[in-house]
Amino acid sequence: MTLTAGRCLVTGGAGFIGSHVAKRLFEAGCDVTVLDTNAGGGGAVEGVRYVKGNATNAELVDRLVAEHDAVFHLAAMLGVKTTMDAPAEMIENNVQGTVNVLRSALKFRRKVVFASSSEVYGKGRPPFSEDDDLLYGPTKRLRWSYATAKLLEEFLCLGYGRKGLPVTVVRYFNVYGPGQKDGPYGGVIPKFIRAALAGDDITVYGDGTQTRCFTYVEDAAEATIRALRPEADNEIVNIGTEHEIPIMEVARLVKSISKSVSKIVRVPYASVYPHGFEEIPRRLPTTDKMKSLLGYRPKVDLGIGLGLTLQWYQGNRKQGG
Ligand code: UDP
């Protein structure tokens, strides 16, 4: 695609999705700067400039935004477990970073693409469409604090849009692929792959009938970059696929493609989340806006994507965190 922005700032560009966005932008001919608390921590893309720092640093953000034409704001504390363990830190960090990016972008009139999450749909009724009503659980269930913070940040984006800032919110649906963290704070696919490779039990929470629609990270990165299009200004766009799969089925697929001897075991939620948890039984997007506004359809199906991800973990056994 033709990019309208020559110089791009990617906050969180050393992270999982951000590093793929940074790489793709660089390959498309952009000058790319990454702002990340983990900058320099390995996995760097050659040709990309890395600045170590937090988006919560307003002065730093202001200086960097001034030097670029567009900002991809992906920096955030994330993960269900992080959210349950440190909700206050997560909310302060994420909201402050987004406020800083939006303020600077408005000042210098730069386009912003903001990374939100399908978590904002909460317990709504699938398929999840961008204009749907949203429904969360009670406040004491800290699980919802991440979604609430992301939603507040979405409203901030739209509010800045009202002031004249060109901004697009993208809502990711279960992105997976090479580079995803495989520690306790990571997503289900790296956890299953790591267990399968080690011959450990593959732990399915609950009965495994809960479903997700997994999006390969290269597809997510390409769709994110396309959000620069002016047609997507002041819009919210789901990024995902409509291929819905039960988690038990994912466990079987991982076991089969890795030819693992691991056992698949069901574990109760209470043993993982002693302070209470609410599962989202089905998470399924509508993707009409992604297709019409971003002109994008994901290309990598789950079988292929899992194979590529598996290969990556086989070559990077020591990575993760
Ligand atoms: N899950 C699982 N075993 C694990 C980790 C996760 O069965 O070791 C389930 C989890 O309960 C959820 C799904 O896999 O139903 C996706 O979890 P993840 O944390 O990747 O993302 P979520 O969609 O919940 O944000």
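A crossing of two helices is left-handed if the near helix is turned anticlockwise from the far one by less than a right angle, and right-handed if clockwise. By that convention, α6 and α8 cross in a right-handed sense.

Some ground rules. This is a predicted model, in which local features need pLDDT of at least 70 and side-chain atom pairs count only at pLDDT 80 or more, while totals for chains, interfaces and linings use all residues. Residues are numbered from 1 along each chain as its sequence is written. Helices (H or I, at least four residues) and strands (E, at least two) are DSSP runs, numbered from the N terminus.

Back to the helix pairs. α6 packs against α8, residues 247–257, at about 40 degrees, with the axes 9 Å apart. Axes here are lines fitted to C-alpha atoms, for helices over the stretch in contact, and angles run from 0 to 180 degrees between N-to-C directions. The angle makes α6 oblique to α8; under 35 degrees counts as roughly parallel, over 145 as roughly antiparallel, 65 to 115 as roughly perpendicular, and the rest as oblique.

α8 also packs against α11, residues 302–315, at about 55 degrees and with axes 10 Å apart. That makes α8 oblique to α11 as well, and the crossing is again right-handed.

Next, the ligand. Which elements each supply at least two residues of the shell around the ligand? They are α6, residues 188–198, and β8, residues 202–205. β8 gives the most, with 3 residues. In total 13 residues surround the ligand, and the closest are Gly187, Val188, Lys191, Tyr205 and Gln210. By class, the shell has 5 nonpolar, 4 polar and 4 charged residues. Nonpolar covers Ala, Val, Leu, Ile, Met, Phe, Trp, Tyr, Cys and Pro; charged covers Asp, Glu, Lys and Arg; the others, Gly among them, are polar.

Now α1, residues 16–27. Its 12 residues reach 17 Å from first C-alpha to last, close to the 16 Å expected at 1.5 Å a residue; the expected span is 1.5 Å times one less than the number of residues. Of the 12 residues, 9 are buried, so α1 is largely enclosed by the rest of the structure. Buried means 20 or more other C-beta atoms within 10 Å of the residue's own, exposed means 12 or fewer, and partly exposed is in between, with C-beta atoms placed from the backbone. Among the buried ones are Phe16, His20 and Lys23. Just after α1, Gly29 takes a positive phi of about 100 degrees.

Last, Ser145, in α5, residues 144–162. Ser145 is partly exposed, with 19 other C-beta atoms within 10 Å.

Methods:
A residue is near a molecule or strand if its C-beta atom, placed from the backbone, lies within 6 Å of it.
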